[in-house]
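Here is a walk through one protein chain, from its overall makeup to single side chains. Please keep the sequence and the 3D view at hand.

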Amino acid sequence: YPQRRAHLLSTAHISQKRAMYRIPDTLDLSGVVGEFTTQLRVGQFDFQFTLGKVNFAVTSAITLIQNGEVIGRWAEGEWPDRQFFNTMNVAVCKAEVRNERLIVLHFANAIEMHLEDDSDQYECMVITVEGEPGPWII
């Protein structure tokens, strides 16, 4: 478990102005609205994708929800469900920091991607916004 999270930090520069282990309410994801991804990158311990100028590297579980039902999941050491294919080449119509533990990306095809901060001990995601001084370590 610690190995999967340690590799993200080995390549990230931590900004002293940003707190770890929670999603800050100052995280601005408005830049992903209208953007889409053409690639989902799956590693042994992480799931990565890019929406416009925003890069996501996630080590915690990701859930896809459509019409109130879970339609897909990805977790460490597993291949993502085939429904993740339906998030490719589909524009994001809304991005929200729902609370300090959850980011929800709403796609134009009514799929929601839930990115959850599920650990008090380890980093769950690194979000890099092109043009900002450093990554968000969550």
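What share of the contacts in the chain with a separation of 6 or more is accounted for by residues 24 or more positions apart? In this predicted model, such residues account for 56% of those contacts.

The secondary structure consists of 1 helix and 10 strands. The chain has 138 residues, of which 44% are buried. Its accessible surface is about 7,300 Å², and carbon and sulfur atoms make up 49% of that area.

Two strand pairings share β8. β4 and β8 run antiparallel and are joined by 5 bridges. β7 and β8 are also antiparallel, again with 5 bridges. The residue E112 in β8 shows both pairings: I65 stands opposite E112, and H106 stands opposite E112 as well. β7 and β8 form a hairpin with 3 residues between the strands, and there A110 takes a positive phi near 70°.

Next comes the interior. In soluble globular proteins, nonpolar side chains tend to be buried together. The largest nonpolar core here has 27 residues, and those touching the most other members are F56, I103, L105, M113, L115 and I127. At least two residues of this core come from each of β2 (47–51), β3 (54–58), β4 (62–66), β7 (102–107), β8 (111–116) and β9 (125–129). I127 gives a close view of such packing: apart from its neighbours within four places in sequence, I127 is in contact with L27, L29, V54, N55, F56, I103, P135, W136 and I138.

What is the arrangement of the rings of F49 and F56? Their centres are 4.7 Å apart and their planes are at 10°, so the pair is stacked. Both F49 and F56 are buried. Ring pairs join F47, F49, F56, W74 and F84 into a cluster. Within that cluster, F56 is also one of the residues of the nonpolar core that touch the most other members.

Terms used
Residues are numbered from 1 along each chain as its sequence is written. This is a predicted model: local features need pLDDT of at least 70, side-chain atom pairs count only at pLDDT 80 or more; totals for chains, interfaces and linings use all residues. Side-chain values use heavy atoms; hydrogens and water are left out. Helices (H or I, at least four residues) and strands (E, at least two) are DSSP runs, numbered from the N terminus. Buried means under 20% relative accessible area, exposed over 50%, partly exposed in between (1.4 Å probe, protein chains only). Contact means heavy atoms within 4.5 Å. Accessible areas come from the Shrake-Rupley method with a 1.4 Å probe; for residues, only the protein chains shown count as cover. A nonpolar core is a set of buried Ala, Val, Leu, Ile, Met, Phe, Trp, Tyr and Cys residues joined through side-chain atoms within 4.5 Å. Two strands pair if DSSP finds at least two bridges between them. Rings of Phe, Tyr and Trp (its six-membered ring) pair if their centres lie within 6.5 Å; planes under 30 degrees apart count as stacked, over 60 as edge-to-face and the rest as tilted.
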